[in-house]
Amino acid sequence: MKKTVLALLLSLWSLSTYGAAYDIESIQADMTFFADASCMQLKPSVQPKDLDRFKSDLLKAVAEQMLDGSYDTTHRAATYEAYPSPRALDEALKLGDGFSRYENITGMYLEPGEHVVLVGNTGGKELALLIPDWMRKPPEGINPAKDPNGWGLRKQRIAIQEGVNVIQVEKGGNVYVSYFDDHADAAPKVVVHFPTGTVNGFFDASTHTNADWDRLLDGAVSPIMDARGKHIQVAYPVQWFNVYTRGKGVELIANYDKLLHHHYTLMGLVKYNKLPRNRILARVNFNYYMFRDRDGVAYLGNKSTMRMVADPEVVIVGDPCWGFCHEVGHVLQLRPQLTWGGMTEVSCNIFSMYTVTGMGNRSRLKAQKNYASARKEIIEARPKISYLACPNVFDRLVPFWQLHLYFARNGKPDFYADVMEQMRRRPDAGRRNESIRNQFDFVKICCDVGQLDLTDFFDKWGFFWVGELTVKDYRTYHYTITQEMVDDFKSYIAGKKYKKPVEDITLVED
């Protein structure tokens, strides 16, 4: 870059930081030198001698760098595609909540103050910029877990439209293009150009190497580095990537993708060719050890927790592996069809068990001796109880995992993939206090997919318990389970004339 141009850009950055206004009319006049409103490319006829005709210092500096080939068109001016909206995901997968809202990573860092953003043809679509405060911390002296501002991610959202946008950034940060659509495949690609701000870059495992990873860390201007794979997006501090992930960015993202591929296999998205383009986000937080919210999965930004999520060898073993699988399981559990009241901390762990053991880890149910305790606390309980009345969520998990073990050993490894696909194809049976009706749909689907009469199995685990039941599961559910519900199921199965299993599935263990 020529020294004069560098000095000019630094001067412009300084002016923008301190709030000097850009002359929109001058910028608009100079847009005639460019191919379209995004100013991503100069018209072929523009030559160095035309620079004297520019009215805005900003676009003149951009044009000069484009002419000498030094302008960054990887991040400053890039093309962005629409991602399926939460409504589209809900329609296709019944999973509208929990996927990343920060898909279109720009690799740009916008300092506080005024900035210019140029947008190409939008086709009438709505776009916005998101600037999340990844590093937000609780007020000094406050218990982080009791932060009055909550644990959630705070962000600035700035609507942008075709042409020149002069925006005011409140707090500097990485910027993302929010572009979601109900019909993403048909939505046009849109160019968004950041002639101001600083390039931070981001890691894309589909094109980058470990050498690129280290280069990005070394050149980072933001405290957060963005990275993405096929299924995962992470936003962790550069500080901890430098400690735990030097030379291992490819391996880290690959391991996250493996974990999620296992989850998607269990739920049938691989088998039925329904893998979402949308990614799940894992980010840092400074309030609580680990949790899931509407922005994905969040991990505490300290030394021990960051090692669990930033070291690729640690991510896939033991508690770190379980923790990620559990929290992402919350994103992927079908509600309410496999997550009726009482199942919030149960159905997510079907995913955990499948993926953790699939990655070669020991079964948590086996290690914790839940098979024995579940039989004692539920099957052998007198008077007889519903599995939902058992306070131990791991004991409640046992029958659901036993179904997988039995069918996987008897020629149906896709049992849950088929069960969940059937659930996606039909409406739920009820919500809130009527959500228990989904339990009966579940047992019918299990019998149909397994082509077996599983009445005895479900009866032993208390799925056919009759009476009034109150369940506390983040909210309180009051269930009325009637003999009519049970008889309806038994009549349905009797009409199928399925054979019974050749063994007692309640005795199956890892």
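The legends below describe close-up views of a predicted model. In this predicted model, local features need pLDDT of at least 70 and side-chain atom pairs count only at pLDDT 80 or more, while totals for chains, interfaces and linings use all residues. Residues are numbered from 1 along each chain as its sequence is written, and side-chain values use heavy atoms, with hydrogens and water left out.

View 1. Strand β10 covers residues 190-193, where strands (E, at least two residues) and helices (H or I, at least four residues) are DSSP runs numbered from the N terminus. V190 and V192 point one way from β10, whereas V191 and H193 point the other way, and all are buried, a word that stands for under 20% relative accessible area with a 1.4 Å probe and protein chains only. In a regular strand the side chains alternate between the two faces of the sheet. Strand β1 (residues 77-80) pairs with β10 in the antiparallel sense over four bridges, pairing being counted if DSSP finds at least two bridges between two strands, and here T79 stands opposite V191. Strand β4 (residues 113-119) also pairs with β10 in the antiparallel sense, over two bridges, and L118 stands opposite H193.

**View 2. An open sheet of five strands.** The order of the strands is β6-β5-β8-β3-β11, with antiparallel pairing. Because β6 (155-160) and β11 (198-199) stand at the edges with a single partner strand each, one side of each is left without a neighbour in the sheet. The partner of β6 in view is β5 (residues 127-132), joined to β6 in the antiparallel sense over six bridges, and L127 has I160 in β6 as its bridge partner.

**View 3. The surroundings of F99.** F99 lies in the loop between α4 (86-93) and β3 (104-110), and this residue is buried, with a relative accessible area of 3%. Not counting residues up to four places away in sequence, F99 touches L89, Y264, P276, N278, R279, I280, R294, V331 and L332, contact being heavy atoms within 4.5 Å. F99 and V331 are 232 residues apart in sequence, yet 7.5 Å apart in space, C-alpha to C-alpha.

**View 4. The largest nonpolar core.** A nonpolar core is a set of buried Ala, Val, Leu, Ile, Met, Phe, Trp, Tyr and Cys residues joined through side-chain atoms within 4.5 Å. Of the 115 residues in the largest one, L332, W340, F400, L403, Y416, F442 and F458 touch the most other members. Helix α14 (residues 393-409) gives this core its largest share, nine residues.

Notes. Buried < 20%, exposed > 50% of the residue type's maximum accessible area, 1.4 Å probe, protein only.
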